[in-house]
Amino acid sequence: MTDPQVGILMLVVFLFAIGLGFPIAFTLMAIGVGFGYYAMGNHIFELFVQRTFSVMANDVLISVPLFLFMGYIVERANILDRLFLSIELAAKNLPGSLAVATLITCALFATATGIVGAVVTLMSLLALPAMLRAGYDPKLAAGVVCAGGCLGILIPPSVLLILYGATAGVSVVKLYAGAFLPGLLLAGLYLAYVVGRAVINPSVAPKPPKEILDVPFSKVIWALATSFLPLAALIVTVLGAILFGLATPTEAAAVGAAGSVVLAIAYRSFSLAKLTESVYLTARSSAMVCWLFVGSATFSAVFAYLNGHEVVKDLIDYLDLSGTQFMILAQFIIFLLGWPLEWTEIIVIFVPIFLPLLQHYGVDPLFFGILVALNLQTSFLTPPVAMAAFYCKGVAPKSLSIEQIFKGIYPFVGMVLIAMVLLYMFPDIALWLPDALYGGGAESGAGAIPADGLPPLDEGGSASTLFDAPGEGAESDAVPEPAEDEEEVPLPDED
């Protein structure tokens, strides 16, 4: 077998192994070291050490445990029920008011936590029974909870965008700015769909009872002031500090973590037991992310050494795709990968395969990352690995079947696809805010979207260094290169 064929075999073995249920991070490391030993002998162990050090020394990843800690503390602050009730009162006169309140609560709470499983589970315990008691269509109620709970992986501060930034060498600050309006666009499409369904067929989303409609305006204002405003102030402080350059993502995440503790104390829900549990969950999730990056870096370095990316390049050459066709193909593949895989695997393993091709097709990696983040909403919503649906089913009333949940989810998957089309047609939705705040246009010097009619990729068009680490010109929060006094690993000649 030739080296590129061995590289493709690596991907096949990886997919087979995770299909058997092996841990992803350690599977990546084992396959990378095993195939690396075949390709470069004992040098793979030195490479593995270097890759591990580069990940652990990456300053960008420090913000991951801080944002996770902030989310776990907020989740345990017992403010979700107050938040949901206050928004329900504020939206009482809108068609489908309970579903609207659920979506707004999900968006706000998902932004504060960024933990999809926690948001979907908590809203399935709180909002889903309330909608079912109010006579809502079970399919619509389940779809609202599942789709709304996934907004946290797109709307900043998003852990997904941090991992993409570290993988692609794109500024996390610009990614946050770029994802803000697309996140609001998707949430707006969800709301428009729910209100439209309620207007066309009021039976699927009945009006709230009289005791809700008769709540005085002063009580609504007080409910919002004591539940919505404190959490919103915490989110605005964190995001504002990042977007306006007052703090780095890591510094803002530290402020957010401290603010979440203050919020929990203010709501009298802070305890040593909850703090201990939050720290434990943060450490466990952070370790998973770091080891996933170590495994991905090792796997990708060996894959690049074996010239596995040449197979992808040759396929693109053979298909002779235009820029638009390339973008459609890339997003279609990522959409399909979202069926059996979770977003972490797609970001650290499969997205880097497309990165060397972006410059050739004139695609801004920032725009590509936002489009991918939007696309990966579907990885939580489409079977067989539709985690949002299973989180919901795990705590939902027994009368709600998994088939009903999936039927309720499908229209929201359609809203995601519509949002992707709108983003591609109007790239300023993602690029206007980064350009307005920071200027400079596309980071790669290319346009947001490709021009059609490009020739096949030539021999120099493959930037395989992107499989190892972000190339020159990447932002300062990319994975750092080894220190000057650190010895590089001598690799054997490919011949």
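**View 1. The largest pocket of the predicted model.** The largest pocket has a volume of about 790 Å³. A pocket here is an open set of points on a 1 Å grid over the protein atoms alone, where a 1.4 Å probe fits, with protein on both sides within 12 Å along at least five of seven lines. Grid points are joined across faces, edges and corners, and the volume is the space filled by probe spheres set on the points. The lining holds 31 residues; a lining residue has an atom within 4 Å of a point. Nearest the centre lie Ser285, Met288, Glu342, Thr344 and Tyr391. Elements that give two or more residues to the lining are helices H2 (24–40), H4 (63–75), H7 (116–133), H9 (159–168), H14 (272–305), H17 (343–358) and H19 (387–395). Helices are DSSP runs (H or I, at least four residues) and strands are E runs of at least two, numbered from the N terminus. H14 gives the largest share, eight residues. By type, the lining divides into 22 nonpolar, six polar and three charged residues. Nonpolar covers Ala, Val, Leu, Ile, Met, Phe, Trp, Tyr, Cys and Pro; charged covers Asp, Glu, Lys and Arg; the others, Gly among them, are polar.

The model is predicted, so local features need pLDDT of at least 70 and side-chain atom pairs count only at pLDDT 80 or more, while totals for chains, interfaces and linings use all residues. Residues are numbered from 1 along each chain as its sequence is written, and side-chain values use heavy atoms, with hydrogens and water left out.

**View 2. The whole chain.** The protein chain comes to 22 helices and zero strands. Of its 495 residues, 56% count as buried. Buried means under 20% relative accessible area, exposed means over 50%, and partly exposed lies in between (1.4 Å probe, protein chains only). Contact means heavy atoms within 4.5 Å. Among contacts between residues at least 6 apart in sequence, 82% join residues at least 24 apart.

View 3. The structure holds 13 aromatic pairs. Rings of Phe, Tyr and Trp (its six-membered ring) pair if their centres lie within 6.5 Å; planes under 30 degrees apart are stacked, over 60 edge-to-face, and the rest tilted. Tyr37 and Phe45 form a tilted pair, 6.1 Å centre to centre with 55 degrees between the planes. Tyr37 is partly exposed at 47% relative accessible area, and Phe45 is partly exposed at 42%. Phe406 and Tyr410 form a stacked pair, 6.5 Å centre to centre with 15 degrees between the planes. Phe406 and Tyr410 sit four residues apart in helix H20 (residues 402–425), so about one helical turn separates them. Phe406 is buried at 12%, whereas Tyr410 is partly exposed at 43%. Phe326, Phe354, Tyr361 and Phe368 form one aromatic cluster.

View 4. Helix H21 spans residues 428–438, and its buried residues are Ala430, Leu431, Leu433 and Pro434. Seen down the axis of H21, these buried residues fall within an arc of 160 degrees, so they line one face of the helix. The arc is that of the directions from the helix axis to the C-beta atoms. The buried residues pack against helix H10 (172–200), helix H18 (365–375) and H20. Asp428 and Trp432 are exposed, on the face turned away from the buried side. Gly439 follows H21 and has a positive phi, near 70 degrees.

View 5. Leu239 lies in H12 (residues 217–243). Leu239 is buried, at 8% relative accessibility. Leaving out residues up to four places away in sequence, Leu239 touches Thr111, Pro156, Pro157 and Phe180. Leu239 and Ala252 are 13 residues apart in sequence and 7.6 Å apart in space, C-alpha to C-alpha. Ala225 is also found in H12. Ala225 is partly exposed, with a relative accessible area of 33%. The C-alpha atoms of Ala225 and Leu83 are separated by 9.9 Å, although the two residues are 142 apart along the chain.

**View 6. A positive phi at Arg268.** Arg268 sits in the loop between helix H13 (249–266) and H14. Arg268 is not a glycine, yet its phi is positive, about 55 degrees. Most residues other than glycine have a negative phi. Arg268 is exposed, with a relative accessible area of 81%.
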